[in-house]
Amino acid sequence: MTGRHEAWFDEAAGPLVRPYAVTGGRTRSDTLGLDLITLVVAMRSAAEAAGMEPEYGRILRLCQHPTSVAEVAARVDLPLPVVKVLLSDLIEQGHVLFRTAAPVTETPNKHVLQAVLDGIRKL
Amino acid sequence: MASGSSDPRRRTLTATAVKIIIAGGFGVGKTTMVGSVSEVAPLRTEEVITEASAGVDDLSGVQNKKTTTVALDFGRITINPELILYLFGTPGQDRFWFMWDELSRGALGAVVLADTRRLDSCFAAVDFFESRNLPFVVGVNCFDDGYRYTAEEVSQALDLDPGVPMLLCDARDRESTKQVLVTLLEHLMSGSDDLAASIPFAR
């Protein structure tokens, strides 16, 4: 899969029902490195999302606040790889911002650990 | 300022997410533990993995790729507006080992949940985290009908490194799960002392 697929569907495509029909058969979206806990947030309001393709609209409504990729997938009830593809589309179109977790090699710093510790104690 | 701007186009994203892995054998109470502290009912997502048949699944030379769906259960704790903690349960079945690498990549640390009725079911998790150098603690889930061993007995049975914290817990109980997570965080911080020297304001 190379190249962009911004307009893989049109009105003639009909209702989007099957997970991999939703993605136009694409299953790989590794270019952005989206991970389970990559955070995403919509750059469009829920109202604006209403005019979009249903799956895109649902995702935009779900991430009005920073939300992880895994959580979006769980709440739209689509497999993770499918949601990664859809999110990649939304990111490329400027509808969604994303922020990946700290690089793998980076040892978590003490500020983060202390904040997590304090947060758990306060639960 | 992470979100919530009235104009979505002006939103920025400064929040970060971290994760802790809850591991252990099938049916040991991982999802129960996640649910006991999560601010949302445990969520489930399905990862789909395409892998070449190999190892134990090798069908005598048949090299077809196969697709496997693995369900992941997880929960969320919003630490503050800038920091979200996710707790991921590992898939319990051994045949989903390939998921553990992805799950543990970038994790702060792990909890190995042990069941004294089937202690051997968590050997694999202990070995995995030791081999990946991912810090972990062991929580011995005290099932009502499980034989009560002392923490020392379990520690010996698991042949744990003396530095690995171990505590008895009840995965259903919020305070007990909090104590397990606090123990893990304290363990992580004690191990990051060298690092702390290079970071201003650390402790």
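Let's start with a pair of residues in chain A: A:Val40 sits across from A:Phe98, which belongs to strand E3(A). Strands here are DSSP runs of E with at least two residues, helices are runs of H or I with at least four, and both are numbered from the N terminus. Before going on, a word on the source: this is a predicted model, where local features need pLDDT of at least 70, side-chain atom pairs count only at pLDDT 80 or more, and totals for chains, interfaces and linings use all residues. Residues are numbered from 1 along each chain as its sequence is written, while chains are lettered from A and ligands numbered from 1 in the order in which they are written.

Back to the strands. Strand E1 of chain A, residues 39-42, runs antiparallel to E3(A), and 4 bridges join the two. They belong to an open sheet of 3 strands, ordered E2-E1-E3 in chain A, with antiparallel pairing. Strand E2 (67-68) and strand E3 (96-99) of chain A are at the edges with a single partner strand each, so one side of each has no neighbour in the sheet. Two strands count as paired if DSSP finds at least two bridges between them.

Now hop over to chain B, which has 6 helices and 7 strands. Chain B has 203 residues, and 39% of them count as buried. Buried means that 20 or more other C-beta atoms lie within 10 Å of a residue's own; with 12 or fewer it is exposed, and in between it is partly exposed (C-beta atoms are placed from the backbone). Contacts, meanwhile, are pairs of residues whose C-beta atoms, placed from the backbone, lie within 7 Å. Among contacts in chain B between residues at least 6 apart in sequence, 69% join residues at least 24 apart.

Which residues of H5(B) are buried? They are B:Thr177, B:Val180, B:Leu181, B:Leu184, B:Leu185 and B:Leu188. These cover an arc of only 130 degrees around the axis, which puts them on the same side of H5(B); the arc is that of the directions from the helix axis to the C-beta atoms. An α-helix has 3.6 residues a turn, so residues three or four places apart point the same way. On the face turned away from the buried side you'll find the exposed residues B:Glu175 and B:Ser190. The cover over the buried residues of H5(B) includes helix H6 (110-122) of chain A, as well as strand E1 (16-24) and helix H1 (30-37) of chain B.

That helix H1(B) is mostly covered itself, with 8 of its 8 residues buried. Among them are B:Lys30, B:Met33 and B:Val37.

So where do the two chains meet? In all, 43 residues of chain B are in contact with 36 residues of chain A. H5(B) gives the largest share of chain B's side, 7 residues. By class, that side has 25 nonpolar, 7 polar and 11 charged residues. Nonpolar here covers Ala, Val, Leu, Ile, Met, Phe, Trp, Tyr, Cys and Pro, charged covers Asp, Glu, Lys and Arg, and the others, Gly among them, are polar.

The largest nonpolar core has 80 residues, of which A:Leu87, B:Ile20, B:Val111 and B:Val112 touch the most other members. Such a core is a set of buried Ala, Val, Leu, Ile, Met, Phe, Trp, Tyr and Cys residues joined through C-beta atoms within 7 Å. Leaving out residues up to four places away in sequence, B:Val111 touches residues including B:Ile20, B:Phe136, B:Val180 and B:Leu184.

Finally, a few loops. B:Asn133 lies between helix H3 (123-132) and E6 of chain B, and has a positive phi of about 55 degrees although it is not a glycine. With 6 C-beta neighbours inside 10 Å, B:Asn133 counts as exposed. B:Asp159, in the loop between helix H4 (151-157) and E7 of chain B, has a positive phi too, near 55 degrees. B:Asp159 is exposed, with 9 other C-beta atoms within 10 Å.

Terms used. Two residues are in contact if their C-beta atoms, placed from the backbone, lie within 7 Å.
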